[in-house]
Amino acid sequence: MRDDIQEILFDERRIEEKVRDLAGRISRDYAGKELVLICVLKGAAIFTADLMRRLTVPVTVEFVQAASYGASTTSSETITIKNDLDADIKGKHVLLVDTIIDTGETLNHLFTLFRERGPASIQAVALLDKKARRSIPVPIAYSGFEIPDAFVVGYGTDFGGKYRNLPYVAVLNPASGK
Ligand code: IMP
Ligand code: MG
C-alpha cells in the first residue's frame with residue numbers, strides 16, 4: 001500500500017454495494033415521484049455520479065458549491081455559497097447528496113438555504129457519517145457508513161484537493177502532512 005495511506009476503510013466493492021443499497025432505498029421511497037439531486041461540490045461528484053446511475057426514478061441533477069476550508073482538516077462554521085443551483089426547486093422533491101458529514105454545519109446551512117425556496121420535500125444522503133463529530137443536529141435520511149473521528153480521503157474526499165480519485169475510502173497517514 002502507498003505510504004501516505006494508513007488504512008483502507010472501504011474498498012471499491014464495499015462502496016459499490018453500499019451505493020446500490022442506498023439507491024435501492026431511495027428509489028423505493030420516491031417511487032412515482034421525480035427527484036432533484038443536489039450534488040455538493042466538489043466532494044460529492046463521484047458519489048453522485050455512481051448513485052444517480054443506480055436510481056430507478058426520474059432524476060435531474062443540480063450542483064452547489066459551498067466554500068471549503070482549503071487544505072485544513074477541520075471544518076469551518078463559516079459557510080458561503082460559491083456556486084448556486086441552476087434550477088428552481090420550488091415544489092420539487094429534493095435530495096442533498098454529500099460524501100461525508102462531519103460537524104453537520106455545511107449540511108445544516110444548505111438545508112436552511114434550500115428550505116426557504118419551498119421544495120415539496122428535502123432530505124439528505126451521505127455515504128460517510130462521522131456522527132461523533134456532530135456539532136449541530138442534521139437529519140440524514142440515507143446514511144451509508146458511520147465512521148470514527150479520523151481524517152479520511154478518497155472516493156471524492158480530499159486533503160488539499162488531492163486524493164479524490166482514489167477508488168476507496170482510506171485514513172490518511174498523519175505523517176503525510178495532516
Ligand atoms: P461539516 O460541515 O463539518 O459537516 O463538513 C463537511 C465537509 O467537510 C465535507 O463535505 C468535506 O468536504 C469536509 N470533511 C470533513 N471531514 C473530512 C474528512 O475526514 N476528509 C475529507 N474531508 C472532510
Ligand atoms: Mg475538502
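I take helices (H or I, at least four residues) and strands (E, at least two) as DSSP runs, numbered from the N terminus. The model is predicted.

**Elements.** I counted secondary structure first. The chain comes to three helices and nine strands. I then read their order from the N terminus: β-α-β-α-β-β-β-α-β-β-β-β. I also looked up the radius of gyration, which is 16 Å; the globule rule gives 16 Å for 178 residues, so the chain is as compact as a globular protein of that length.

**Extent and contacts.** Along the principal axes, I find the C-alpha atoms in a box of roughly 50 × 35 × 25 Å. I looked at contacts with a separation of 6 or more, and 68% of them join residues 24 or more positions apart.

**Burial and surface.** I took buried to mean under 20% relative accessible area. Of the 178 residues in the chain, 44% are buried. The chain exposes about 8,900 Å², and 47% of that comes from carbon and sulfur atoms.

**Charges.** I located 23 positive and 24 negative charges, and their mean positions lie 2 Å apart.

**Helix H2.** I went through residues 45-52 and asked which of them are buried. They are Phe47, Thr48 and Leu51. Their arc around the axis is only 100°, which means that they sit on the same side of H2. I then checked what the buried residues of H2 pack against, and found helix H1 (12-29) together with strands E2 (35-41), E3 (59-66), E5 (93-101) and E6 (121-129).

Conventions
Residues are numbered from 1 along each chain as its sequence is written. Chains are lettered from A and ligands numbered from 1 in the order in which they are written. This is a predicted model: local features need pLDDT of at least 70, side-chain atom pairs count only at pLDDT 80 or more; totals for chains, interfaces and linings use all residues. Side-chain values use heavy atoms; hydrogens and water are left out. Buried means under 20% relative accessible area, exposed over 50%, partly exposed in between (1.4 Å probe, protein chains only). The arc is that of the directions from the helix axis to the C-beta atoms. Contact means heavy atoms within 4.5 Å. The radius of gyration is taken over C-alpha atoms; the globule rule is 2.2 Å times the number of residues to the power 0.38. Accessible areas come from the Shrake-Rupley method with a 1.4 Å probe; for residues, only the protein chains shown count as cover. Lys and Arg count as positive and Asp and Glu as negative; His and the chain ends are not counted. The place of a charge is taken as NZ of Lys, CZ of Arg, CG of Asp or CD of Glu.
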